[in-house]
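Me: I would like the terms used for this structure set against their cut-offs.

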Amino acid sequence: NSHNSSGGSTLLGYIGIDTIIEQMRKKTMKTGFDFNIMVVGHSGLGKSTLVNTLFKSHVSRKSAGWARDEKIPKTVEIKAVSHVIEEGGVKMKLTVVDTPGFGDQINNDNCWEPISKYINEQYEKFLKEEVNITRKKRIPDTRVHCCIYFISPTGHFLRQLDTEFMKRLSHSVNIIPVIAKADTMTLEERQEFKQRVRKELEVSGIEFYPQKEFDEDMEDKSDNDKIREAMPFAVVGSDKEYQVNGKRVLGRKTAWGIVEVENPNHCEFAQLRDFLIRSHLQDLKEVTHNIHYETYRAKRLNENGGLRDEPALPLTLYRLLF
Amino acid sequence: IGEAVNDTEIDIKDKGVRPLSLAGHVGFDSLPDQLVNKSICQGFCFNILCIGETGIGKSTLMDTLFNTNFENFESSHFEPQVKLRAQTYDLQESNVRLRLTVVNTVGFGDQMNKQESYQPVVDYIDRQFESYLQEELKIKRSLHNYHDSRVHACLYFISPSGHSLKSLDLVTMKKLDSKVNIIPVIAKADTISKSELHKFKIKIMSELVSNGVQIYQFPLDDETVAKVNTTMNGHLPFAVVGSTEEVSVGNKMVKARQYPWGVVQVENENHCDFVKLREMLICVNMEDLREQTHTRHYELYRRCKLEEMGFKDTDPECKPVSLQQTYEAKRQEFLVELQKREDEMRQMFVQRVKEKEAELKEAERELQSRFEHLKRIHADEKATLEEKKRLLDEDQSSFSKRRAAAQLLQAQSLTANGKKDKDRKK
């Protein structure tokens, strides 16, 4: 930790202030965590499989071949499914928000609108609870903490829909772009595609998560720079296990070999998982709460003719009146 | 991968949310660490309020608790009113940075009339809540960077009389118990004998209960600390002794107070409850104290304040709008009031102007008539003078005529005489 302590009184012995860490940890374990993840991309890109692979559980209901029993929805639908999972004493309520129908129509104009609407509705729900006079001890959090955007592995460029969606939504939600079904490209093709995609994202001014402007300090920035340079991660998902070199691994079996999902030489799934779950999960929630939600709230409060220039709302007014 | 329901308890709120078992290690068990690391980066705030009579040992106890020498001022006993003095310190232990604020009362219990003694304390606590509420209500706010000054723990120092609580104590604690976590302590406990102390504690607790004073209860919901907290709840109020002086006992230097008849060791649990206080206040419940302040005391303050301002939770359909609507309505009222006052002022102004105008006109008229009067007088005088002048002129001209006539006569008579003389000479 590279922070300096501003000089104050010097301690002449151990007191026990540092026990607050344990106290805090215990409290958070007791209350549990919420995490809401949204997946966006046209059908067939392996969204559900990826999420199930990430959380090693059937958290996302796979649309088992829509050609057979389900039709392509006429508009983009929003389907949120929640499960409680536990690991190491940590309880998490995970909500996976699926967006079937996105990018599947002939005319995909404005197909991001139902998604944008859903995201804002969750902010609105939270805001409503927050401004109550009598508030709940813990406001239920349904806000989308992370939106994984699946890029089709065409190998060439981003589609117009991709840039349109990401441009419009990157300011209201954390977007993590991934290259889906990475096993359809060779490593070289993958690298080239990644470079091209990153260049396009930069040119279009799309700030995906982790956003540069929210890096808190130099340490943060250097950690996040490494991640940003490796994004978008090229991933493969699978819920089937195979025997490889005496070990049971998750993979995809093809005639020419087994693609090992968690093998960093085969794809970048492990990197995505470590980044998303093991190091930045809490940060995703904090950026959503401290930045995206605050932006929504400020806009909303300004809309209703509130005092535009004055920072404090009713209290100053009341002091004037009474 | 199965979907078997495992038998961990389901959160009551999430009834209907299925639990799933995991087929392998996912890694979100690092979440508490991720959260804690962020808090470490930000640092922690802890604010203690010490209420007690002058000289009862508040500052010494703080020094002893935090093993340090805070700047201390000796207060006089002649303060006309109770004041509060807050001092903030930055402490660090391993990687934990703590911003500690110690607030002491000054002059508490020194006045003749102590009826209003509690008020400055209540005001201080409310002011911190108000500050937070103001920030929370801002349009552009930054709550996660906010330096939290709300009082997390209030140590109430009870005088070691050995008998019972003073009425000042009861009144003050009653006013504070819904605003702050109160932890009563018996100060200078080395002046009471052990048997007296036991009776004293029982008396105090029963007085608190019979007066309905809600002091802070160490929480029992977490099994790992429930047992020790239950025991500690039974030792309240803690009988403490503070000292920063060290005395050699055996082969160690310990914090103690040296008397001719013995040495009172601060950290000896047989001598006083100092260690218990430190355990409870810092090592076990510091986070709970902060949480209770935020989720209970602050929420109560906020609710009361907003209701006072006329906000209500109306129908569930329009929350932020209703806050805005009520606000808009109040704003309209305010603007109408403003307009009314403006009109009143304008009227008053117009009235004044009229009055002044009338005054000035009157003055002008007066001036004018005076002027006319003077003018007339002047004209009269002028006429008089001119008349005089005319007479004078007339006089003068008649005089000159007569003189001219006289001269002529004289001249004539001279020439006539001259002729006569001439004639005579002939």
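This is a predicted model: local features need pLDDT of at least 70, side-chain atom pairs count only at pLDDT 80 or more; totals for chains, interfaces and linings use all residues.

Me: Why is Tyr123(A) called buried?
Reply: Buried means under 20% relative accessible area, exposed over 50%, and partly exposed in between (1.4 Å probe, protein chains only). Tyr123(A) has a relative accessible area of 1%, so the residue is buried. Across chain A, buried residues make up 52% of the 322 residues.

Me: What makes Tyr123(A) and Tyr296(A) a tilted aromatic pair?
Reply: Rings of Phe, Tyr and Trp (its six-membered ring) pair if their centres lie within 6.5 Å; planes under 30 degrees apart count as stacked, over 60 as edge-to-face and the rest as tilted. A search of the whole structure finds 16 aromatic pairs over all chains. For Tyr123(A) and Tyr296(A) the centres are 5.5 Å apart and the planes 35 degrees apart, so the pair is tilted. Tyr123(A) lies in helix α3 (residues 113-130) of chain A and Tyr296(A) in helix α8 (residues 281-303) of chain A, so the pair ties together parts 173 residues apart in sequence. Helices are DSSP runs (H or I, at least four residues), as are strands (E, at least two), numbered from the N terminus.

Me: Why is the pair of Phe126(A) and Tyr293(A) called edge-to-face?
Reply: The centres of Phe126(A) and Tyr293(A) are 5.0 Å apart and the planes stand at 80 degrees, so the pair is edge-to-face. Phe126(A) is in helix α3 of chain A and Tyr293(A) in helix α8 of chain A, so this pair ties together parts 167 residues apart in sequence. Phe126(A) is buried at 8% relative accessible area, and Tyr293(A) is buried at 0%.

Me: How do you know that a charge sits over the ring of Tyr293(A)?
Reply: The condition is NZ of Lys or CZ of Arg within 6 Å of the ring centre and within 35 degrees of the ring normal. The charged end of Arg143(A) sits over the ring of Tyr293(A), 4.9 Å from its centre. In chain B, Arg150(B) lies over the face of Tyr298(B), at 5.0 Å from the ring centre. Tyr298(B) also belongs to a cluster of ring pairs with Phe129(B), Tyr132(B), Tyr146(B) and Tyr301(B).

Me: What makes β5 and β6 of chain B paired strands?
Reply: Two strands pair if DSSP finds at least two bridges between them. Five bridges join β5 (residues 153-158) to β6 (residues 182-186) of chain B, so these parallel strands are paired. One of the bridges has Leu155(B) with Ile183(B) as its partner.

Me: Why is Lys276(B) called buried, and which residues does Lys276(B) touch?
Reply: Lys276(B), in helix α7 (residues 274-284) of chain B, has 10% relative accessibility, so Lys276(B) counts as buried. Not counting residues up to four places away in sequence, Lys276(B) touches Met232(B), His235(B), Phe238(B) and Glu269(B), where contact means heavy atoms within 4.5 Å.

How values were computed: Residues are numbered from 1 along each chain as its sequence is written. Chains are lettered from A and ligands numbered from 1 in the order in which they are written. Side-chain values use heavy atoms; hydrogens and water are left out.
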